[in-house]
Amino acid sequence: MAVTKILIANRGEIAVRVIRTCREMGIPTVAVYSEADRGALHVRMADEAYCIGPAAARESYLVIEKIIDVCRRSGADAVHPGYGFLSENAEAARAFAAAGITFIGPRPESIESMGSKTAARVVALRAGCPVVPGIQETMADEELLAASQKIGFPVMLKAAMGGGGKGMRLVHKAEDFTSSLARARGEALSSFGDDSVYVEKAIVQPRHIEIQIFGDTHGNHVYLHERECSVQRRHQKVIEEAPSPHVTPEMRRAMGEAALKVAKAVDYVGAGTVEFLADADRNFYFLELNTRLQVEHPVTEWITGLDLVKWQILVARGEKLPMTQEEIPLNGWAIECRVYAEDPDKNFMPSPGKITFLRTPSGRNVRDDGGVYEGAEVPMFYDPMISKLSTWGPTRLEAIERMRAALGEYRIGGIRHNIAFHEALMEHGPFREGALHTGMLDKPFWKKKEQGPDLKFAVAAALLHELETEQRRAAQPAGHADGKPDAWKHWGRFNRL
């Protein structure tokens, strides 16, 4: 299969991430962008860029015909979907194939079989993978209530076509079931266009642990160890790490083999992630198979030393997996923080706007996967991710300490962000001890730092005045006739301010 020029059907940091690997491989890239993303970093970095419509994703990034049209105009013979948008769209994968374009992802049939969580549970059960006790079938409200009473409360309601925490409700008792079900159905319908909901037995303080898998067109499958994603807010991942502090070598092997059973059952090709819930006794249960590259893939790359995007491209070309299961390395520990344009003091509301100042961390074993630059706009139309900051260390504690130091170096101006929240998490006792579960952030542990408004604005005004003064002076050539000191001294003062 030809992969000589790749169109990235995405935006933000993941588009930039794919472009960088393509550059290393000597593959030209094509970016697509909405009108809101005209000045975006991925547009600047790609070899070519094409506008595909208005800001709304449904009129630009999600229009399959527009992506195919740009492939024809640019000569791109492959599409990398990133994550989100068209990455788990079987219709898109089929349309690209029909147009003679290689889709860098799994087969349409695999996407479809895993697209419904209820159907995925059936596949997992038949493959011999442990599944949370529950009801695979979608039912009427009264039948679901009766089934829940048989399973025993608490139960978890989940959208059949769901993801990202949408359409999920934890129900502790039968009296709350009907109202919770109505809210779950409403959210599922608005998010996925389908109000089907199913029931699972709720596991008390579960851990969210996932296995990175890969398959090729020659029937080979491997797992690249686990990631722990238990630190969540409203069912959305906040911090990820690899490996998991909860997983023993025996549990890792058992989870990996269970994940590959599901992968082989659907003849999986490319990168995928099998997600599990685990309890305190190290029992684990299948949740779903995400048929794409995950946001948190950098932590797997840290501990294995592998480039997962490169693997995706090699597999899409029809090549065999570069390694066998026995050859997959596991070295050290990696932590990732998702840096968002959001205000932790206002219930993490998005904070779109212009980034007026940006200084990203660097140094030994620090990685910042970003999609912005100083002067860039964070649009209000999409996920407000600024970057994924990750660090590596020989041990978990060293990785955490390196992350704490890197967060202290991060500076973003012009918008609100969640860096202070992540700094507090790095100091949070249960997190440092590895006592993780998906509800650990339900109780607030982080308090905003109060500061008198008069003092805050007075300091800001004084600093701004000094900065502007020093900037004007520093712009003068050295030895200026007005007798003022050398411009280098002014630049030094300006930078310190």
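Two strands pair if DSSP finds at least two bridges between them. This model is predicted. Strand β12 spans residues 236–242. Strand β12 pairs with β11 and with β15. Glutamate 296 is buried and makes a side-chain polar contact with arginine 338.

**Strand β12 and its partners**
- Of the 7 residues in β12, 6 are buried, so the strand is mostly covered under the cut-off of 20% relative accessible area.
- β11, residues 221–233, runs antiparallel to β12, with 4 bridges between them.
- Arginine 233 has glutamine 236 of β12 as its bridge partner.
- The hairpin of β11 and β12 has 2 residues between the strands.
- Arginine 234 in this hairpin adopts a positive phi near 55°.
- β15, residues 333–340, also pairs with β12 in the antiparallel sense, over 4 bridges.
- Alanine 242 is bridged to alanine 334 in β15.

**Glutamate 296**
- Glutamate 296 sits in the loop that links β14 (284–290) to α10 (297–304).
- Its relative accessible area is 1%; glutamate 296 counts as buried because that value is under 20%.
- The side chains of glutamate 296 and arginine 338 are joined by a polar contact of 3.0 Å.
- Leaving aside residues up to four places away in sequence, glutamate 296 touches Glu210, Arg227, Cys229, Lys237, Glu240, Glu336 and Arg338.

Note on methods:
Residues are numbered from 1 along each chain as its sequence is written. This is a predicted model: local features need pLDDT of at least 70, side-chain atom pairs count only at pLDDT 80 or more; totals for chains, interfaces and linings use all residues. Side-chain values use heavy atoms; hydrogens and water are left out. Buried means under 20% relative accessible area, exposed over 50%, partly exposed in between (1.4 Å probe, protein chains only). A polar contact is a pair of N or O atoms within 3.5 Å; within protein, one must be able to donate a hydrogen and the other to accept it, and residues adjacent in sequence count only if both atoms are side-chain atoms. Contact means heavy atoms within 4.5 Å.
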